[in-house]
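Please examine the sequence and the model displayed here before reading on.

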Amino acid sequence: MSQDLHTGRIVAISPHLDDAVLSFGAGLARATRDGAKVTVHTVFAGTAVAPFSPAADRLHSIWGFSPEQDASLHRRNEDIAALGHLGAEYRHGRFLDAIYRKLPDGRWLADHVPGRQKLAIGELSPQSDPELFSAVKDDIEAVVEECEPTLILTCGAISGHIDNKIARDATLLVARDKGIPVRLWEDLPHALFAPDTPELPEGFQLGPPIHASVEPDLRTRKFEALRRYPSQMLMLHGPDKDLFAQLDGHARKSSAQPGYGELTWPVVSR
């Protein structure tokens with residue numbers, strides 16, 4: 001089956017609310033412009049309730065949310081606006097982001113690094129919580145059966161984030177079971193600082209990288225969509241760090257082709 005973005009129906013499995021647009025927003029905009037039906041399903045988009053982890057409280061503050069505001073609801077609304085700007089449909093999953101989850105012993109899964117915006121999340125296998133992994137896989141399978149995609153996209157999980165690894169590995173299994181081609185995007189903004197290639201679970205291997213250039217108007221549309229995540233822009237973009245200049249610079253370094261582009265890898269079963 002085709003790996004082409006001009007295919008009729010595309011499902012993008014995004015771990016978090018903004019991952020797909022950050023990493024492959026221009027490609028999604030191109031696909032919708034060229035007539036593909038694009039649906040972005042965000043896995044870890046469920047509503048969390050207090051009490052929150054210290055890491056979550058700190059991020060809520062950085063994102064500009066007061067303790068009384070429903071951060072999950074606000075972020076979903078941002079996602080709807082951003083995907084709408086790209087011409088894509090949305091689905092929001094029921095699972096909690098790692099910053100809201102606990103380990104079996106009751107400790108918070110995520111902790112913050114004092115004095116910095118970074119999180120500390122333990123190195124976990126996607127199968128460390130088999131019940132969660134199975135439920136995520138079932139939900140992804142339901143979205144795939146509903147949308148009947150001819151191509152599936154998801155993250156490469158090069159950041160090592162447990163949510164990304166769960167979303168990726170569950171997606172790979174569903175795609176293989178359904179016989180649907182799958183491509184992984186390069187996780188941005190992580191790859192700006194630690195470029196890498198995905199390490200896939202047993203039974204899968206990467207095909208050659210695809211550096212896809214896009215026209216300037218599609219780059220602009222992606223950047224406009226990113227600005228529709230104001231909570232995340234407070235963390236990623238500002239006077240001391242220009243996210244959009246970083247994305248431009250990374251694209252120039254990653255490909256010999258001129259102009260803006262994004263990196264994906266096809267995946268094959270072995």
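Does cysteine 155 count as buried or exposed? At 0% relative accessibility, cysteine 155 counts as buried, where buried means under 20% relative accessible area and exposed over 50%, with partly exposed in between (1.4 Å probe, protein chains only).

The model is predicted, with local features needing pLDDT of at least 70 and side-chain atom pairs counting only at pLDDT 80 or more, while totals for chains, interfaces and linings use all residues. Residues are numbered from 1 along each chain as its sequence is written, and side-chain values use heavy atoms, leaving out hydrogens and water.

**Cysteines**

- The whole structure contains zero disulfides, a disulfide being a pair of cysteine sulfur atoms within 2.5 Å.
- Cysteine 147 is in no disulfide, and the nearest cysteine sulfur, that of cysteine 155, is 18 Å away.
- Cysteine 147 is also buried, at a relative accessible area of 14%.

**Helices H4 and H5**

- The axes of helix H4 (residues 130–147) and helix H5 (residues 162–178) come within 9 Å and cross at roughly 50°; helices are DSSP runs (H or I, at least four residues) numbered from the N terminus, and axes are lines fitted to C-alpha atoms over the stretch in contact, with angles running from 0 to 180 degrees between N-to-C directions.
- H4 is therefore oblique to H5, since angles under 35 degrees count as roughly parallel, over 145 as roughly antiparallel, 65 to 115 as roughly perpendicular and the rest as oblique.
- Residues in contact (heavy atoms within 4.5 Å) include Leu132 and Phe133 of H4 and Ile166 and Ala167 of H5.

Key:
Helices (H or I, at least four residues) and strands (E, at least two) are DSSP runs, numbered from the N terminus.
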